[in-house]
Amino acid sequence: MLCAAYAGGSEICQACAQQVKSTPWGVSSLGFSGRRIPVLWREHYGGPLTPIIYGAKYRGDWGQARLLGACLGALPKPWLGNPPVVIPVPLTNKRLGARGYNQSQMIAAEAARHWGLALKPRWLKKTKHTRRQATLSLPQRGQNLCESFQAHANLAGQRVLLIDDIMTTGATLREAMRAIDKAGGTVISAAVIAHVPKDQRKNNSFQRPFKPLRASSKSFNTTPAPKHRPCSMSF
Ligand SMILES: [Zn+2]
């Protein structure tokens, strides 16, 4: 947790900045279409930035979203070769309307600025309103997202870096990859603020202590994530 002096916004004190700096970051990978897509993450879920993710998400603090993007953008560039375009994982217009902004887009904008990449938030849309992933059991998540994204024709031939706030099973990122793939684009890597490691998912220690909304106790069961299969509506 960051100190009490931190009251939101994009500035944190030196001690907190040091704490964030010394928190380990890493790279995991997601299997997609026969490839392993690297996923850069800034911290394990529950680290000092995790409460800020919820602050940015539910209290609408742009400064906090920018702070998160800056922490991500301070890491080494998560790609090799030609620079990709950055695409944030989108919200539906309905949810965007309710929340006012997409925090993943704010995070992505700041990280893209640090890495010198072009941000293309309009190239991927969430067209199907889905239930909040957090309210579902792990096996339900892939099905919930089935065919929920639509990618723009401009993506044809583009290399893409996908950015989201939290990766749990990777179901959201995979569904976004599927839509981008359909449009002829290639996701070469992804980056998130917080990553929930497999053992944290399995042993039921994955709690959401920072989420200010009421969460049902059924939300997190001990069922291991299923091997990903294309959902039935895909073909
Ligand atoms: Zn502090």
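Isoleucine 87 has leucine 162 of strand 6 as its bridge partner. Strands here are DSSP runs of E with at least two residues, and helices are runs of H or I with at least four residues, each numbered from the N terminus. The model is predicted: local features need pLDDT of at least 70, side-chain atom pairs count only at pLDDT 80 or more, and totals for chains, interfaces and linings use all residues. Residue numbers start from 1 along each chain as its sequence is written.

**The sheet**

- Strand 3 (residues 85-88) and strand 6 run parallel and are joined by 4 bridges; valine 85 has valine 160 of strand 6 as its bridge partner.
- Strand 6 and strand 7 also run parallel, with 8 bridges between them, and valine 160 has valine 187 of strand 7 as a bridge partner.
- An open sheet of 5 strands has the order 1-2-7-6-3 and mixed pairing, where two strands pair if DSSP finds at least two bridges between them.
- Strand 1 (26-32) and strand 3 each have a single partner strand and stand at the edges, so one side of each has no neighbour in the sheet.
- Neighbouring strands of this sheet are turned by 30° against each other on average, direction ignored.

**Helices around the sheet**

- Helix 5 packs on the sheet and touches strand 3, strand 6 and strand 7; its direction makes about 125° with that of strand 6. Axes are lines fitted to C-alpha atoms, for helices over the stretch in contact, and angles run from 0 to 180 degrees between N-to-C directions.
- Strand 6, helix 7 (residues 171-182) and strand 7 form a right-handed β-α-β unit: with the strands pointing away from the viewer, the path from the first strand over the helix to the second runs clockwise.

**Burial and core**

- Strand 6 is largely enclosed by the rest of the structure because 8 of its 9 residues are buried. Buried means 20 or more other C-beta atoms within 10 Å of the residue's own, with C-beta atoms placed from the backbone.
- The largest nonpolar core has 49 residues, and Leu68, Leu162 and Ala190 have the most contacts inside it. Such a core is a set of buried Ala, Val, Leu, Ile, Met, Phe, Trp, Tyr and Cys residues joined through C-beta atoms within 7 Å.
- Leaving aside residues up to four places away in sequence, alanine 190 touches Leu30, Ile37, Val39, Leu161, Leu162 and Leu173; contact means C-beta atoms, placed from the backbone, within 7 Å.

**Helix 2**

- The buried residues of helix 2 (residues 50-58) are Thr50, Ile52, Ile53, Gly55, Ala56 and Lys57.
- Their cover includes helix 3 (62-73), helix 5 (103-115), strand 6 (159-167) and strand 7 (186-195).

Methods:
Buried ≥ 20, exposed ≤ 12 C-beta atoms within 10 Å, placed from the backbone. Contact = placed C-beta atoms within 7 Å.
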